[in-house]
Amino acid sequence: MAFRYDIRLSGSGGQGLILIGIILAEAIGIYDGKYVVQTQSYGPEARGGSSKSEVVVSDTEIDYPKAMKLDCLLAMNQKSCDDYYMDLKPDGLLIVDSTFVTQIPLPKAYQIPFTHMARTIFKREMVANIIALGALAKLTGIVSPKSLELSVLSRVPKGTEKLNRDALRAGIKAAEKAKKAFSPRIISEREDEDT
Amino acid sequence: MKKKKRKELLLQGNEAIVEGALKAGCRFFAGYPITPATEISEILSVKLPKVDGTFIQMEDEIASLGAVIGASLTGTKSMTATSGPGFSLMQENLGFAIITEIPCVIVDAMRGGPSTGLPTSPSQSDVMQARWGTHGDHPIIVLCPSTVSECFTLTIKAFNFSERFRNPVILLVDEVVAHMREKIAIPDDEEIEVFNRVKPTVPPEWYIPYQDTPRGVPPMADFGEGYRYHVTGLTHDIRGFPTSRPDEIDPFIRRLFRKISQNFGEMQIGEFFMTDDADISIVAYGCVARSAKRAVIDARERGIKVGLLKLNTIWPFMRTAVEKLVAKSKIVIVPEMNMGQISREVKRVIKSDVKVFTINKVDSTIITPEEIWARIKEVS
């Protein structure tokens, strides 16, 4: 069976989830050289509403382009966390923005206050997605940090490179801290009832 | 053979369509933005002026195709892009382009319908609109990509076919493929085959604009270059003037069909995947072909011999490919995101006692490999 890794980035419209999906896909596909497909789905509203972006990674050509059972779910608000946590594999990784997600459905979620960090450290709420991207990269190990940084810098508006690089690094650091705080591996070794 | 390393890009289906159009020589775009085709307009509005091309945002889709037809008549390769609701408005001018034999490419990124429907959700429900949306008996070429790379290659093919056969070509994309991003390597110009319309070699006073040729395609003069001729939506004689003589009407309509039908072979683009020994075959197109491929692999791992025929050419319908398929498979499954538009065609062309099953999903989401697998189990 070919290697396949399914990621879903979810939240509300305007949180920049499609953008970080594109950045992640570009880092993995172009800079790391793996096979990748990025898809998105959103409502007809210009702002608000649900938004999600999916990235599928493989070592061979990818047929079905949407995420199947999730290896990683990023939930940037409570609704997306509630809607999608059931799609996670038993050992799948749940990462939430604890600024908005207060009800955690699984015992093994990484809770990092991405939006709060963006507000307090950078005074710019809009970098919350890049902080989350840094954390996701660190926690999944699905992309090399160097590729990701290159990809971020090539996709963000001119003049915001330093801000975004710092945000990415803040995310990586926050993930390191969260990882040290508890090890989700222990929990994931429970009986797999699915099979 | 030496192969140069090509630069890889992460592109959206719509972006790849733009790249393909520019490589094919498209230098005019007129359109009206609509999800999920808007990116094509957006990007061309930036890129066309840089290659001395023209971009116009029109007041609506009727005018968009009108402008495209006018531009093409002057010798400029032209296109427009829209979705179902806009495509409905284009049907009148589509017929005009067919009867006047003016090459053009129309992208229809399919979303849920009817009417305004579901702007941001995928669908495959314009298959028959693409075939029969405009009135009158007419031939049409419709191509359908299922990967980002195919968005690029089939757009070039669409332009080539439209130029060769002097007929509009429709690129039928679904929202998933239009918005999906994948890696793509853009080939160098010398590796890309581009066909330009045949122009008259006779002096203007000898030019007969709609005269039959062995290919059925008359040479086309650029309007405004001294070749004066009449262009009308009325059924016309070989000089382009309206006629009501049955002995002129009949050969004209038959020539329109013949120029496509005598070249059926080269328009049949598709892919057989593990069909040689397949007991069950799937016929799929667009994004659903990707789910079907996955279902084939999964079924094979479970010991069931399933194969896939992926259709890249929707119209003219790939009759010979389907016939080849049912020489071995006695069961055919047609999954599609409509109530059964291609499955009707599959049933129409199969003359033997092969069973045709359908999967019709109309809930605005893509058919999953599991749903196809469930159907395989049901019918095997």
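## Terms and basis

Two residues are in contact if their C-beta atoms, placed from the backbone, lie within 7 Å. In chain A, take the contacts between residues at least 6 apart in sequence: 61% of them join residues at least 24 apart.

This is a predicted model, in which local features need pLDDT of at least 70, side-chain atom pairs count only at pLDDT 80 or more, and totals for chains, interfaces and linings use all residues. Residues are numbered from 1 along each chain as its sequence is written, while chains are lettered from A and ligands numbered from 1 in the order in which they are written.

## Chain A

Chain A has seven helices and six strands. Helices (H or I, at least four residues) and strands (E, at least two) are DSSP runs, numbered from the N terminus. Their order from the N terminus is β-α-β-β-β-α-β-β-α-α-α-α-α. The radius of gyration, taken over C-alpha atoms, is 16 Å for chain A, close to the 16 Å that the globule rule (2.2 Å times the number of residues to the power 0.38) gives for 195 residues, so chain A is as compact as a globular protein of that length.

The C-alpha trace of chain A spans about 50 × 40 × 35 Å along its principal axes.

## Where chain A meets chain B

The contact takes 17 residues from chain A and 17 residues from chain B. On the side of chain A, β2(A) gives the most, with six residues.

β2(A) also pairs with strand β9 (residues 181-185) of chain B, in the antiparallel sense, over two bridges. Strands pair if DSSP finds at least two bridges between them. A:Q38 stands opposite B:R181 in β9(B).
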